[in-house]
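Good morning, everyone, and thank you for making time for this.

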Amino acid sequence: SYTTDTKSREENKKTLENLYSLSVDITKIRRLKEWVLLQDVAYVKEIAGILQEMGADETTVANIIERCPEAILHTPAEINSQRTLWQLVCQNEKQLIKLIEQFPESFFTTEYQQNQKANILFFQELGLKNNIITRFLTSAPNIFYNPVEKNKNVIETLQRNYLNLGGSEANMKIWILKLLSQNPFILLNTSTAIQDNLEFLQNNSFTDQEVLQLLSKLKGFIFQLNPTTMQKSMLFSKNIFKCSDQELKQLVLKCPALLYYSVPVLEERLEGLLKEGISIAQIRETPMVLELTTQIIQYRIKKLSALGYDIKSGNLESLNGTKKDFEVTYGKIQSKKKRPMFNPVAPLHIED
């Protein structure tokens with residue numbers, strides 16, 4: 001526990017000297033986390049030494065400390081323990097130092113070492129590859145702060161529901177690993193919340209097979225929702241598209257974003273499409289366009305219009321998909337436009 005009361009306290013001169021000797025930009029630290037410089041005890045040289053042992057050069061060490069100044073407040077023993085822990089999933093120290101430079105905050109959070117270790121071992125037992133676990137450690141560190149029993153409980157709930165919904169035992173492991181790889185944050189939910197969301201879908205006439213389909217399509221994001229927001233989004237879509245419950249269900253299966261996005265987000269995206277002259281009927285035909293932000297839609301329409309393609313009179317398929325998908329579609333329309341109307345090698349039939 002470090003004090004953040006900066007009044008009537010002076011910066012630690014020894015800390016400043018040690019940081020200067022490492023060519024650390026102290027003005028950056030003052031701007032970001034000045035309280036670090038006020039602490040009575042700091043392990044500047046020791047932490048720098050450990051990083052250098054791992055292969056970090058002077059610039060890298062300075063960069064790490066500038067980005068995460070509180071690193072110098074940890075004891076060498078804490079950092080060495082963390083180093084040993086991350087080595088369980090890193091190929092070598094070169095990879096480890098690269099990760100520390102990119103994600104210093106994740107590495108220097110040492111309060112949950114026991115939980116981190118237990119969770120790393122659990123994920124390895126589960127069959128997750130080490131490169132996926134390192135991705136979790138850096139981009140979703142919170143899931144390692146949970147006691148391992150909590151994460152196990154969530155995984156068991158998912159496995160049980162997968163089998164109850166008709167999924168096969170043979171495919172379950174692959175399904176769980178894929179779900180976790182796509183969205184590790186599902187582990188931050190409670191088992192009860194997961195159960196409630198699945199029951200909501202079943203109560204809204206989605207068959208077990210359709211619920212499984214939605215789980216795969218939503219990449220686990222369904223577990224970050226709740227029945228109230230899903231109900232509101234579905235009601236909004238039903239009113240906008242003027243459709244029956246059965247038709248709404250088909251639209252949701254086609255475009256799970258109708259379930260996932262909140263009403264304000266759907267309203268904003270719908271408004272953006274209507275401003276471009278696109279009709280509700282067109283959107284209902286291709287609801288997946290609601291997965292795209294208004295800015296992306298405007299950019300794509302502008303590019304297609306430059307080729308003389310009128311989006312208002314056609315279907316919206318050409319707007320859909322990832323950036324890569326769109327570039328492929330755009331390329332096809334462009335080459336079609338450039339193609340000559342006649343075959344230049346065919347003989348010309350000219351009357352004498």
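**A walk through the model**

Let me begin with Glu-70, which is found in the loop between helix 4 (58–67) and helix 5, and let me say at once that what you are looking at is a predicted model. Is Glu-70 buried or exposed? Glu-70 has a relative accessible area of 17%, and because buried means under 20%, this residue is counted as buried. If we leave aside its neighbours within four places in sequence, Glu-70 is in contact with Lys-33, Trp-35 and Val-36.

Arg-83 is another charged residue that is buried, with a relative accessible area of 11%. Which residues is Arg-83 in contact with, leaving aside its neighbours within four places in sequence? They are Ile-50, Glu-53, Met-54, Glu-93, Leu-96 and Phe-107.

Next, please look at helix 1 (residues 13–21) and helix 2 (residues 26–33), which pack at an angle of about 130°, with their axes 10 Å apart. That angle makes helix 1 oblique to helix 2. On the side of helix 1 the residues that meet the partner are Leu-16, Leu-19 and Tyr-20, and on the side of helix 2 they are Ile-26, Ile-29 and Arg-30. Sorted by kind, the residues of this contact comprise five nonpolar, no polar and one charged.

Let me now step back to the largest nonpolar core, which has 105 residues, and in which Leu-51 and Phe-108 touch the most other members. Helix 11, residues 169–182, supplies the largest share of this core, namely six residues. Why does the core lie between domain 1 and domain 2? Domain 1 (10–110) and domain 2 (226–339) both give residues to the core, and therefore it lies between them. As for how far apart these domains are, their centres, taken over C-alpha atoms, are separated by 47 Å.

I will finish with Phe-108, whose surroundings can be listed in detail. Not counting residues up to four places away in sequence, Phe-108 touches Ile-47, Leu-51, Ile-64, Cys-68, Ala-71, His-74, Ile-79 and Ile-100.

Notes. Residues numbered from 1 in each chain as written. Predicted model: local features only at pLDDT ≥ 70, side-chain atom pairs only at ≥ 80, totals over all residues. Heavy atoms only, no water. Core = buried A, V, L, I, M, F, W, Y, C linked by side-chain atoms within 4.5 Å. Buried < 20%, exposed > 50% of the residue type's maximum accessible area, 1.4 Å probe, protein only. Helix = DSSP H or I, 4+ residues; strand = E, 2+ residues; numbered from the N terminus. Domains from an automatic or database assignment. Contact = heavy atoms within 4.5 Å. Axes fitted to C-alpha atoms, helices over the stretch in contact; angles between N-to-C directions. Parallel < 35°, antiparallel > 145°, perpendicular 65-115°, else oblique.
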